Amino acid sequence: MPSPQVLQPVVKLKVDELYLTWLSDPSTQSVLKNYLSLIKSGQSIDLGNVDASDSVLFSENNNGSKGSLCHKTHADRRTTSLGVKAPPPVAPVLSESIPKFYFPLGRPQANLNVDGLISKVETIFAQFPGERASIEDMGQVAKACECPLFWKVPLFNAAGGDRTGSVSVHKFVAMWRNAGCHRDGRTRIDFFSCCLQDVVDSHSGLNFLKEASEFHTRYITTVIQRIFYNVNRSWTGRITCSELRKSNLLQNVALLDQVDNINQLTEFFSYEHFYVIYCKFWELDTDHDLFIDQRDLARHNDQTISNKMIERIFSGTVTRDRRVHREGRMSYADYVWFIISEEDKKTDTSMEYWFRCMDLDGDGVLSMYELEFFYEEQCLKLEALGVEPLPFEDCLCQMLDLVKPEAEGHITLRDLKRCKMGHVFFDTFFNVEKYLYHEQRDPFSVVRELETEGQEMSDWEKYAAEEYDHLVAEETGDQCNES
């Protein structure tokens, strides 16, 4: 496929346009007629005496219309000496002031009084011995900076407190100015690990977790992976400032010190969601080394996912840990991505996850061959359950009617996101249980679901709530049996 042609400016066309504009100007025509008369009468025209002030001036009006040209030459002064009144010089209109619109490090906050914030910080530091703040004091400093409470550790470390044990007022103010708080540079502070450890240590909703130190790193790993899953839309493994601002992560961090029940923050910090993910992983990880292989992952939800899809996941196409492809082992961090994508295929990240898996040749489109490749195993699973599968041609017609791709013969990720039925499409080719669920549903319920999209709990939130209740009930039953 030839690469699209890059548009490039044509200088000659622009020069011709400017020349025609200059030539059609009345003052230019007047000067040229004067020169023509002098030439016809046999007089010479001395153009060498034209000084730097004899120039063509362009001006723009405030409405952005085409500028006018004003030509001032010795000929104009000559006509004045002959008694002909020269037209008054036209002063160039200053170009309209265009406000700055590009801020590579963030748009300045409106009406942010940096000196006022620093004055508050200095007042807070004056209360501490020697005007030095310890990690316990940084909560007050963070509030004075109008930052969330749980940013106190990143702020403390950014000012050098992790090396010296305390922070002086001068160090902190210098760090704050250098960080560019007036440009929203606070988003550049790497707060993930230290911030989340502080959440585990001091949030009232996680008091029960303080003694279970072995679960601290697992909870932190879960939250970090969920952050990257939702925020890092470019799949680079590094969150940019632009991605951070487009997400609601910072708003959720700010809510941490306002919400006592951390399970209400379902997008990133919910302990119940962590509990479900970790318990599901623990069931598969029979040797409990925090790694699972293909046979372990195939047991997820009673082997409803096809083996071909399991192999694609372990090929490294959607995992970050290189050991998945090299050693055939999946880490807990990669499992977090898998289970969220499996249980909620309506989000952009999950659709990108499964599209990458189905795109065998990595050309950015799903061909008929690739669809048939996955559907073959699906047919075998249906026959094992006593269900007669549709011929591939009939299934293909249904899927094309469902997706309505822009180009005939293949399906793109854009097509799947646009049709709002990507979850049905994916389940048709590699999840037999969910495929049968979609087949047995009332078509009108699907329409109602599309109409109420975004107003109810997400598929992942519904799954996590149901599984958490089931796990708690199971654990309670086991305790009763033991007693």
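**Close-up views of a predicted model**

The structure holds 30 aromatic pairs, where rings of Phe, Tyr and Trp (its six-membered ring) pair if their centres lie within 6.5 Å. This is a predicted model, in which local features need pLDDT of at least 70 and side-chain atom pairs count only at pLDDT 80 or more, while totals for chains, interfaces and linings use all residues. Residues are numbered from 1 along each chain as its sequence is written, and side-chain values use heavy atoms, with hydrogens and water left out.

View A. Phe215 sits in the loop between helix H9 (192-202) and helix H10 (216-231), and Tyr278 in helix H13 (residues 271-284), so the pair ties together parts 63 residues apart in sequence. Helices are DSSP runs of H or I with at least four residues, strands are E runs of at least two, and both are numbered from the N terminus. Phe215 is partly exposed at 26% relative accessibility, whereas Tyr278 is buried at 7%. (Buried means under 20% relative accessible area, exposed over 50% and partly exposed in between, using a 1.4 Å probe and protein chains only.)

**View B. Tyr219 and Phe274 form another aromatic pair.** Their ring centres lie 5.6 Å apart and their planes stand at 90°, so this pair is edge-to-face. It joins Tyr219 of helix H10 to Phe274 of helix H13, 55 residues apart.

**View C. Helix H19 crosses helix H22.** Take a look at H19 (residues 368-384) and H22 (residues 422-430), whose axes come within 6 Å and cross at roughly 60°. Axes are lines fitted to C-alpha atoms over the stretch in contact, and angles run from 0 to 180 degrees between N-to-C directions. H19 is therefore oblique to H22, the class left after roughly parallel (under 35 degrees), roughly antiparallel (over 145) and roughly perpendicular (65 to 115). H19 brings Leu371, Phe374, Tyr375 and Gln378 to the contact, and H22 brings Phe425, Asp427, Thr428, Phe429 and Phe430; contact means heavy atoms within 4.5 Å.

**View D. Two charges sit over rings.** Lys308 lies over the face of Phe373, 4.1 Å from the ring centre. Arg356 lies over the face of Trp235, at 4.0 Å. The criterion is NZ of Lys or CZ of Arg within 6 Å of the ring centre and within 35 degrees of the ring normal.

Conventions. Rings of Phe, Tyr and Trp (its six-membered ring) pair if their centres lie within 6.5 Å; planes under 30 degrees apart count as stacked, over 60 as edge-to-face and the rest as tilted.
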